[in-house]
Amino acid sequence: MKHISILVPEGDSSLSNLEATFKMFHMTNTALQREGKAPIFETHLVGTQKKARSSNGLFSITPSSTIEEVDQTDLIIIPAIHGNYKEVVSMNNAFIPWIKEQYGKGAEVASLCIGAFILAGTGLLDGKECATHWLAAAEFREMYPKVNLIDDKIITDENGLYTSGGAYSSLNLNLYLVEKFAGREMAILSSKIFEIDISRISQSPFIIFKGQKAHTDKEVLKAQEYIEHHFQDKITVGALAKQMAVGRRTFERRFKKATSNTVIEYLQRVKVEAAKKELEKGRKTVNEVMYEVGYNDSKAFRDTFKKITDMTPLDYSKKYRRNVPA
């Protein structure tokens, strides 16, 4: 029997994370029992105390156990908690030593979406890969510079530590855990019952690039503004550095430090974001959009678009374009 502890943190916990996770493991047990097999999961909601927690001010959640009552568990699942990230971690500090103690005893730990902030707060993710919601990437990197944030992935799995990307990609991590502990056949059944795409591994198509401007480097900010207003033109790193009156090597170093992207990567992301918006409108062909955002080589455009979104321009257009009246 696999003992699963789903944490019920202080603050505005994601009710969808808690309910869907509990239901998926419970459904696996039910499916096994239908086949005449023994259930394999024992799932509990665990808090620092048994009093009810509020979610969105509309629902209350009551833990069935406290961390003091759980001497040993096999898998800890940390749901998303909404609000100021530093405050969320601070108000849930009581979980930190317990999670570390359980991990030391052999338990595995999974975080769903921005639950990664609490998992990272334990220090267990230092030097390891981690996924979280792409909207929280900048704040996460600022708070946990020792963690290798992979902000385009749906799932990471390293040394018994699991993390998932944003929002409902937590369902994909739940499926991943079901497959690991109950087998591929049960995971496929779960994916059909909950209607989840079991093959989805990337959150890249959902990322909206807004430019990393939470820094104070004035020359880099000017360069970002210039790129965003002239991305259709031919822009070279040397010419941009000269325009900003900064040596090229110094400019490249400062740009990467401030934005987490090289100048070329930033330019590519701006172009692709503009292309995505045009493709979503559905009024232009892929080639028309390609020329509009400053590409002349269809292969280069396709390769760059796919690298950033994990989809081809044509596939993206088919999936996300609006219905355009005839």
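Me: Which hand does the crossing of α1 and α6 have, left-handed or right-handed?
Reply: This is a predicted model, in which local features need pLDDT of at least 70, side-chain atom pairs count only at pLDDT 80 or more, and totals for chains, interfaces and linings use all residues. Residues are numbered from 1 along each chain as its sequence is written, and side-chain values use heavy atoms, with hydrogens and water left out. A crossing is left-handed if the near helix is turned anticlockwise from the far one by less than a right angle, and right-handed if clockwise. The crossing of α1 and α6 is right-handed.

Me: How are α1 and α6 oriented to each other?
Reply: Helix α1 covers residues 15-34 and helix α6 residues 170-182, with their axes 10 Å apart at an angle of about 25°. Axes are lines fitted to C-alpha atoms, for helices over the stretch in contact, and angles run from 0 to 180 degrees between N-to-C directions. Angles under 35 degrees count as roughly parallel, over 145 as roughly antiparallel, 65 to 115 as roughly perpendicular and the rest as oblique. The two helices α1 and α6 are therefore roughly parallel.

Me: How many charged residues does the contact of α1 with α6 have?
Reply: Contact means heavy atoms within 4.5 Å; residues of α1 including Met24 and Phe25 meet residues of α6 including Leu175 and Val178. Ala, Val, Leu, Ile, Met, Phe, Trp, Tyr, Cys and Pro count as nonpolar, Asp, Glu, Lys and Arg as charged, and the others, Gly among them, as polar. By these classes the contact of α1 with α6 has eight nonpolar residues, five polar residues and, as for charged residues, no charged ones.

Me: At what angle do α11 and α13 pack?
Reply: The contact includes Val272 and Leu279 of α11 and Phe301 and Ile308 of α13. Its residues divide into six nonpolar, three polar and three charged. Helix α11 (residues 263-281) is roughly perpendicular to α13. The axes of α11 and α13 (residues 298-309) lie 10 Å apart, at an angle of about 90°.

Me: Which are the edge strands of the open sheet of seven strands?
Reply: Helices (H or I, at least four residues) and strands (E, at least two) are DSSP runs, numbered from the N terminus. Two strands pair if DSSP finds at least two bridges between them. The open sheet has the order β6-β3-β1-β7-β9-β13-β12, with mixed pairing. Pairing on one side only marks the edge strands, β6 (65-66) and β12.

Me: Which residue in β13 is the bridge partner of Thr156?
Reply: Strands β12 (residues 155-158) and β13 (residues 161-164) run antiparallel and are joined by four bridges. They form a hairpin with two residues between them, and Asn159 in the turn has a positive phi of about 55°. The bridge partner of Thr156 is Thr163.

Me: Which residue of β7 stands opposite Ser5?
Reply: Strand β1 (residues 2-7) pairs with β7 (residues 75-78) in the parallel sense, over three bridges. Helix α1 lies across β1, β3 (41-47) and β7, at about 160° to β3. In β7, the residue opposite Ser5 is Ile76.

Me: What is the relative accessible area of Ser65?
Reply: Ser65 has its place in strand β6. Beyond its neighbours within four places in sequence, Ser65 has contacts that include His44, Val46 and Val70. Buried means under 20% relative accessible area, exposed over 50% and partly exposed in between (1.4 Å probe, protein chains only). Ser65 is buried, with a value of 12%.
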